[in-house]
Amino acid sequence: MDIPQPSHPFLHRTPAQTRFNDYDLLGHLNNNIYLVLADMGKAGYFRDAAPHLWDWRNVAMVVASIKCDFYAPSFPDEPLDILTAVTRISTSTITLEQRIVNPLRADEVKCIVTTVMVHVDPTARHSAPIPPEWTEAISTFEQHKF
């Protein structure tokens, strides 16, 4: 399967840490663990992109959709990094693309995760507009306007 070329640079990189029990009987990283790693990358991204806004107790974002395409297996002791970029911001959603890669093999792509997150009003329990300060912080970090 051909790996799609990114349409944007990845300006955020999080080193991943895996554990012994993350691997299946064939010695491959279990497919569920890639989503755990993607969550680690998302948290690191938002913490770095908007440090003045990031407070995990007050972030009102929920995952509405997540898709993971696998390209190559990962093995024990293989280094992995999580590349993260915001690719789209709409009125109430943020779309992220993440690539889990081996940094020692020219960023060999293990999988691509696409996530749509919705900003919610926790009191009303429905979607709400993304605060302008979040859009501004992400635009500054990504070095382009959304």
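Modeller: Start with D22 and R19. Their side chains meet in a salt bridge, with N and O 2.9 Å apart. A salt bridge here is a side-chain nitrogen of Lys or Arg within 4 Å of a carboxyl oxygen of Asp or Glu. D22 is buried, at 3% relative accessible area. Buried means under 20%, exposed means over 50%, and partly exposed lies in between, using a 1.4 Å probe and protein chains only.

A word on the source. This is a predicted model, in which local features need pLDDT of at least 70 and side-chain atom pairs count only at pLDDT 80 or more, while totals for chains, interfaces and linings use all residues. Residues are numbered from 1 along each chain as its sequence is written, and side-chain values use heavy atoms, with hydrogens and water left out.

The structure holds nine salt bridges. Side chains of opposite charge can pair when their charged atoms come close. Take E78 and K110: their closest N and O atoms are 2.6 Å apart. This pair links distant parts of the chain, 32 residues apart. E78 sits in the loop between strand 2 (61–70) and strand 3 (81–89), while K110 is in strand 5 (residues 108–121). Strands (E, at least two residues) and helices (H or I, at least four) are DSSP runs, numbered from the N terminus. Both partners are buried: E78 at 13% and K110 at 1%.

Next come E108 and R105, whose closest N and O atoms are 3.4 Å apart. E108 is partly exposed at 25%, and R105 is exposed at 53%. Shared partners join E78, R105, E108 and K110 into one network of salt bridges.

What about the cysteines? The structure holds zero disulfides. C68 is in none; its nearest cysteine sulfur, that of C111, is 3.9 Å away. That is too far for a bond, since a disulfide needs two cysteine sulfur atoms within 2.5 Å. C111 is buried, at 0% relative accessibility.

Now the packing. In soluble globular proteins, nonpolar side chains tend to be buried together. The largest nonpolar core has 14 residues, and F46, V86, I94 and I138 have the most contacts inside it. Helix 1 (31–49), strand 3, strand 4 (93–102) and helix 2 (132–142) each supply at least two of its residues. Apart from this core lies another, of 12 residues, among them Y23, I33, A38 and C111. A nonpolar core is a set of buried Ala, Val, Leu, Ile, Met, Phe, Trp, Tyr and Cys residues joined through side-chain atoms within 4.5 Å.

V86 shows the detail. Leaving aside neighbours within four places in sequence, V86 contacts Y45, I94, T95, L96, I138, E142 and F146. Contact means heavy atoms within 4.5 Å.

Helix 2 has W134, T135, A137, I138, S139 and E142 buried. These buried residues pack against helix 1, strand 3 and strand 4. Just after helix 2, Q143 takes a positive phi of about 65°.

Last, the surface. L35, V63 and I66 make a nonpolar patch of about 210 Å². I66 lies in strand 2 and is partly exposed at 37%. Patch residues have over 30% relative accessible area and no salt bridge; like charges are joined within 9 Å, and nonpolar side chains (Val, Leu, Ile, Met, Phe, Trp, Tyr) within 5 Å. The areas come from the Shrake-Rupley method with a 1.4 Å probe; for residues, only the protein chains shown count as cover.
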